[in-house]
Amino acid sequence: QVQLVESGGGLVQAGGSLRLSCAASGRTFSSYSMGWFRQAPGTECEFVATIEWSGGTTYYADSSKGRFTIPRDNNKNTVYLQMNSLKPEDTAVYFCAAAYRTTALTPGAWTSALYNYWGKGTKVTVSS
């Protein structure tokens, strides 16, 4: 069992930056590919980024590529989402998710169904 707790959300002006954190419980954090998803009001949950458990390969949605990064620190059982050049359309609740020893070859393959555990989310609001 893995518990995920997100933090770092808040209100930021367009063009600003935020760093989200996701702290995981358990001793096998390094065996999980970790992802970030987001959901804006009235929309479906959307893939943002993921980092694989083995080798640390990263994948990004087109909407986040070039602006967001997803580093992880296995010593701290934490994955981050560094968000730069934020836009109002980035406003959403951001969820952290864990997928046990999962790999995939393309960003589009990282669907929500691949993930075993989810956090409760942290809200990000970007004002124009």
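Colleague: Why is D62 called exposed?

Modeller: D62 has a relative accessible area of 68%, and exposed means over 50%, buried under 20% and partly exposed in between, with a 1.4 Å probe and protein chains only, so D62 counts as exposed. This is a predicted model, in which local features need pLDDT of at least 70 and side-chain atom pairs count only at pLDDT 80 or more, while totals for chains, interfaces and linings use all residues. Residues are numbered from 1 along each chain as its sequence is written, and side-chain values use heavy atoms, with hydrogens and water left out.

Colleague: What makes D62 and K65 a salt bridge?

Modeller: The closest N and O atoms of D62 and K65 are 3.5 Å apart, and a salt bridge is a side-chain nitrogen of Lys or Arg within 4 Å of a carboxyl oxygen of Asp or Glu, so the pair qualifies.

Colleague: Which parts of the chain does the salt bridge between R38 and D90 tie together?

Modeller: The side chains of R38 and D90 meet at 2.9 Å, N to O. R38 lies in strand β4 (residues 32-39) and D90 in the loop between β9 (78-83) and β10 (92-100), so the pair ties together parts that are 52 residues apart in sequence; strands here are DSSP runs of E, at least two residues long, numbered from the N terminus.

Colleague: Why does R67 count as buried, and what is its salt-bridge partner?

Modeller: R67 has 12% relative accessibility, so R67 counts as buried, and R67 forms a salt bridge with D90, the closest N and O atoms being 2.7 Å apart. D90 itself, at 0% relative accessibility, also counts as buried. R38, E46, R67 and D90 are linked in a network of salt bridges.

Colleague: How do you know that C22 and C96 form a disulfide, and why is it called left-handed?

Modeller: The S to S distance of C22 and C96 is 2.1 Å, and a disulfide is a pair of cysteine sulfur atoms within 2.5 Å, so the pair meets the rule. The torsion about the S-S bond is about -75 degrees, so the disulfide is left-handed.

Colleague: Why is C45 called partly exposed, and how far away is the nearest cysteine sulfur?

Modeller: C45 is in no disulfide, and the nearest cysteine sulfur, that of C96, is 12 Å away. At 37% relative accessibility, C45 counts as partly exposed.

Terms used:
Helices (H or I, at least four residues) and strands (E, at least two) are DSSP runs, numbered from the N terminus.
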